[in-house]
Amino acid sequence: MFHIKVEKLINKPAAVVFDFLADHANYSKFPGVDKSELVEHGTSEKNGLGALRKVVLGGVTLEERITDFEKPTRLHYLIEKSSPLPFRHDVGEIQLLEEGDITRVIWISEGH
């Protein structure tokens, strides 16, 4: 089993941070992410609820589905497919909390 929790303070409003994190095209700006693409659009927004994204990190490819999309505070996803090694993904969530002029981002990912 794995459990990853990352907490970061960002000197931007939650709405700005949420829009950046929700857009699959920005993922290649993160260290270790080689490529990201939108496989299926979301139901109400391009990167929103139901969207399917493919993310490539080194030799690993993940396909993740957006399962909860609440601007500007919450984004949940589940990895539906991974290669070359499969695993079960139980929790994928990003929570944003405004604290004055800054935003606390909490990212949790759990699985087997």
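## Salt bridges

E7 counts as partly exposed, at 42% relative accessibility, where buried means under 20% relative accessible area, exposed over 50% and partly exposed in between, computed with a 1.4 Å probe on protein chains only. The side chain of E7 meets that of K5 in a salt bridge at 3.8 Å, N to O, a salt bridge being a side-chain nitrogen of Lys or Arg within 4 Å of a carboxyl oxygen of Asp or Glu. This is a predicted model, in which local features need pLDDT of at least 70 and side-chain atom pairs count only at pLDDT 80 or more, whereas totals for chains, interfaces and linings use all residues. Residues are numbered from 1 along each chain as its sequence is written, and side-chain values use heavy atoms, with hydrogens and water left out.

By the salt-bridge rule the count comes to 12. One of them joins the side chains of D19 and K71, again at 3.8 Å, N to O. Because D19 lies in helix α1 (residues 14–22) and K71 in the loop between β4 (60–70) and β5 (74–83), this pair ties together parts that are 52 residues apart in sequence; helices (H or I, at least four residues) and strands (E, at least two) are DSSP runs, numbered from the N terminus. D19 is partly exposed at 43% relative accessibility, and K71 is partly exposed with a relative accessible area of 45%.

## A buried pair and a network

R53 forms a salt bridge with E64, with the closest N and O atoms 2.7 Å apart. R53 belongs to strand β3 and E64 to strand β4, so the pair ties together parts that are 11 residues apart in sequence. R53 counts as buried at 1% relative accessibility, and E64 is buried as well, with a relative accessible area of 6%. Elsewhere, salt bridges that share partners join K5, E7, E99 and R104 into one network.

## The buried side of helix α1

Which residues of α1 are buried? They are A14, V17, F18, L21 and A22. These residues cover an arc of only 125° around the axis, which puts them on the same side of α1, the arc being that of the directions from the helix axis to the C-beta atoms. An α-helix has 3.6 residues a turn, so residues three or four places apart point the same way. The buried residues of α1 pack against β1, β3, β4, β5, β6 (89–99) and β7.

## The largest pocket

About 700 Å³ of space lies in the largest pocket. The lining of this pocket has 24 residues, of which Y27, F30, Y77, I94 and W107 lie nearest its centre. The elements that give two or more residues to the lining are β1 (2–10), α1, β3, β4, β5 and β7 (102–111), and β1 gives the most, with five residues.Here a pocket is, on a 1 Å grid over the protein atoms alone, an open set of points where a 1.4 Å probe fits, with protein on both sides within 12 Å along at least five of seven lines, and lining residues have an atom within 4 Å of a point. Grid points are joined across faces, edges and corners, and the volume is the space filled by probe spheres set on the points.

The lining divides into 20 nonpolar residues, one polar and three charged, where Ala, Val, Leu, Ile, Met, Phe, Trp, Tyr, Cys and Pro count as nonpolar, Asp, Glu, Lys and Arg as charged, and the others, Gly among them, as polar.

## K46 in its loop

K46 is found in the loop between β2 (35–40) and β3 (52–57) and is partly exposed, with a relative accessible area of 47%. Leaving aside neighbours within four places in sequence, K46 is in contact (heavy atoms within 4.5 Å) with H24, L38, E40, H41 and A51.
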